[in-house]
Amino acid sequence: MNIIVTPCVSFTSFVFGDSLVDAGNNDYFFTLSKANSPPYGIDFKPSGGRPTGRFTNGRTISDIVGQSLGAKSFPPPYLAPNTEDEALRSGINYASGASGILDETGLLFIGRVPLREQVNYFEQTRAHILNLMGETGTNDLLKKAIFSLTIGSNDILNYVQPSIPFFGHDDHDKVTPTMFQDFMVSNLTVHLKRLYELGARKFIVVGVGPLGCIPFIRALSFMPSGKCSEEVNEIIQGYNKKLNGVLDHFNKELGPETIFVYANSYDIFIKIIENHRQYG
């Protein structure tokens, strides 16, 4: 469906996800997944080019989308000091680098905030808003807010990379790609339903991009120059298709007051890869 976006006068955004949208939560606990040193942040004007914990040289995709929808400021990381009151103005960012839909994803990085815990954090934020605004005010705020989830890449990466016996994993224990896709979707569905029960009504759920084309996967698969791993990309496309189907079901079941938008990051990045000269 075609969606026309008009800027809002008041924009509140609650961001969930992994390193693609982490705004600095990983700076506040011990983890091997950090982005608190140069050259991270060199093009991020609000910080004067200093690292903010974003895993990018500039803005994250959630920063860009937020500004396009009329946001005046970026939702601060939940774990940063004194950010609770920002929930009423710009929203809160709960995302954490190395995290996944599944609790065990990112174990090698030691510290990370899985999606389940991110939703727990939002529940605490909701309790704070409730104390300030009451039930009616809280429900009104949340039904107008945007809830974005950009997660799943690390789950796929953990699945396709070689297992490490030291951590109790074995390649022979792996389920089939189809079963793994279903496992990811069913777990994400649980978290989406929980957010809905907590008052969320406007969702943007981002699909997984073509990870078969990133250097790490191409190196693992010994891909020749300029080639992507079709095997990995097929797993991702299967997951994305199932995710999109679940969101369509939610729209039919819960709409029109509730809307789930599927963001097709896979096709966007494939077009950039295939037409890179056109995009500069």
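This is a predicted model: local features need pLDDT of at least 70, side-chain atom pairs count only at pLDDT 80 or more; totals for chains, interfaces and linings use all residues.
**Notebook: loops, a bent helix and a disulfide**

I started with S221, which is partly exposed because its relative accessible area is 31%. For the record, buried means under 20% relative accessible area, exposed means over 50%, and partly exposed is in between (1.4 Å probe, protein chains only).

Residues are numbered from 1 along each chain as its sequence is written, and side-chain values use heavy atoms, with hydrogens and water left out.

**Around S221**

I found S221 in the loop between α5 and α6. (Helices are DSSP runs of H or I with at least four residues, strands are runs of E with at least two, and both are numbered from the N terminus.) I then checked V160, which is 61 residues from S221 along the chain, and the two C-alpha atoms are 9.9 Å apart.

Next I looked at L220, which belongs to helix α5 (residues 215–220). L220 counts as partly exposed because its relative accessibility is 33%. Once I skip the neighbours within four places in sequence, L220 has Q161 and P162 in contact, where contact means heavy atoms within 4.5 Å.

S229 is in the loop between α5 and α6 too. Is S229 buried or exposed? With a relative accessible area of 4%, S229 is buried. I saw its side chain reach the backbone nitrogen of V232 at 3.3 Å.

**The disulfide**

How many disulfides does a search of the whole structure find? The search gives one, a disulfide being a pair of cysteine sulfur atoms within 2.5 Å. I located it between C213 and C228, with S to S at 2.1 Å. C213 sits in the loop between β4 and α5 and C228 in the loop between α5 and α6, so the link ties together parts 15 residues apart in sequence. It is right-handed, with 110° about the S-S bond, and C213 and C228 are both buried.

**Two helices**

(The expected span is 1.5 Å times one less than the number of residues.) Where does α2 bend? At G134, by about 115°, taking the angle between axes fitted to the seven residues ending there and the seven starting there.

In helix α7 (residues 265–274) I listed S265, Y266 and I270 as the buried residues. They fall within an arc of 125° seen down the axis, so they line one face of α7. (The arc uses directions from the helix axis to the C-beta atoms.) Their cover includes β4 (202–206), α6 (230–254) and β5 (259–263).

Most residues other than glycine have a negative phi, and most peptide bonds are trans. I went looking for exceptions. P38 to P39 is a cis peptide bond with omega near 10°, and G255 to P256 is cis with omega about 5°. N82, not a glycine, has a positive phi of about 55° and counts as exposed at 79% relative accessibility. I110 has a positive phi near 70° and is partly exposed at 48%.

Methods
A polar contact is a pair of N or O atoms within 3.5 Å; within protein, one must be able to donate a hydrogen and the other to accept it, and residues adjacent in sequence count only if both atoms are side-chain atoms.
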